[in-house]
Amino acid sequence: LDLMIHDIEIVLHLVKSPLVQVDAVGIPVLTKREDIANARLKFANGCIANITASRVAGERLRKLRVFQPNEYYSLDYAEQQVGMFKLTPPKAAGALPEIVAQGLEVTKREPLLAEIESFVSAVRAKTAPVVTGVEGRRALALALEVLDKIKAHSVHAGIQLNFE
């Protein structure tokens, strides 16, 4: 609920398709709660999102990777960088396709400040916020479903986790 929920909201925002399946696993490492969790979300349009959150990783990794035919995007939230990789058709008969890599321009901002400014702007202008209450509730409902799946999986595996 504290780490993965942000990724869940982003995925739900990007994938405009009904969710059809949720699988999740999590394990306690240093606490009695899930310290590492992985969720696999399957959507009606065929998109599959794998989300991993860890409180015990040696380095803070905040990345989103998007794969689609002939393209790959890597977004690094911590560094505020975006890389795009595209497979280009062969330039000559018998040649191999090439991978073209390029960085995309990003306006760097402090995320929490941007969130607060966006909220204040929406209140002042009496407009909908970037993430509405409905979208936030949808992400929360899915995060709670992920926790339920983790709990159910741990019971079947002979591991009992306590969620508070």
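# Core, surface patch and side-chain pairs

L112 lies in helix α2 (residues 111–125); helices (H or I, at least four residues) and strands (E, at least two) are DSSP runs, numbered from the N terminus. The model is predicted, so local features need pLDDT of at least 70 and side-chain atom pairs count only at pLDDT 80 or more, while totals for chains, interfaces and linings use all residues. Residues are numbered from 1 along each chain as its sequence is written, and side-chain values use heavy atoms, with hydrogens and water left out.

**Surface patch.** Together with I116, F119, V120 and V123, L112 makes a nonpolar surface patch of about 460 Å². Such a patch joins nonpolar side chains (Val, Leu, Ile, Met, Phe, Trp, Tyr) within 5 Å, like charges being joined within 9 Å, from residues with over 30% relative accessible area and no salt bridge. Areas follow the Shrake-Rupley method with a 1.4 Å probe; for residues, only the protein chains shown count as cover.

Residues up to four places away in sequence aside, L41 touches V11, L19, Q21, V22, C47, I48, A49, I51 and L142; contact means heavy atoms within 4.5 Å.

I48, found in strand β3, is in contact with R40, L41 and K42 when neighbours within four places in sequence are left aside. The C-alpha atoms of I48 and V15 are separated by 9.4 Å, although these residues are 33 residues apart along the chain.

**Aromatic pairs.** The structure holds two aromatic pairs, which require ring centres of Phe, Tyr or Trp (its six-membered ring) within 6.5 Å; planes under 30 degrees apart are stacked, over 60 edge-to-face and the rest tilted. F67 and Y72 are stacked, at 4.7 Å centre to centre with 15° between the planes. The ring centres of Y72 and F85 are 5.2 Å apart and the planes stand at 25°, so this pair is also stacked. Because Y72 lies in strand β5 (residues 71–76) and F85 in strand β6 (residues 81–88), the pair ties together parts that are 13 residues apart in sequence. Ring pairs link F67, Y72 and F85 into a cluster.

**Salt bridges.** There are five salt bridges in the structure, each a side-chain nitrogen of Lys or Arg within 4 Å of a carboxyl oxygen of Asp or Glu. In one of them, D2 pairs with R55, the closest N and O atoms being 3.1 Å apart. This pair links distant parts of the chain, 53 residues apart: D2 is in the segment before α1, and R55 is in the loop between β3 and β4 (63–68). R55 also meets D35 in a salt bridge (3.6 Å, N to O). Since D35 lies in the loop between β1 and β2 and R55 in the loop between β3 and β4, the pair ties together parts that are 20 residues apart in sequence. Another salt bridge joins R109 and E117, with the closest N and O atoms 2.2 Å apart. Salt bridges that share partners join D2, D35 and R55 into one network.

**Accessibility.** The table lists residues named above; buried means under 20% relative accessible area, exposed over 50%, and partly exposed in between (1.4 Å probe, protein chains only).

| Residue | Relative accessible area | Class |
|---|---|---|
| D35 | 3% | buried |
| Y72 | 22% | partly exposed |
| F85 | 29% | partly exposed |
| R55 | 37% | partly exposed |
| I48 | 38% | partly exposed |
| D2 | 47% | partly exposed |
| F67 | 62% | exposed |
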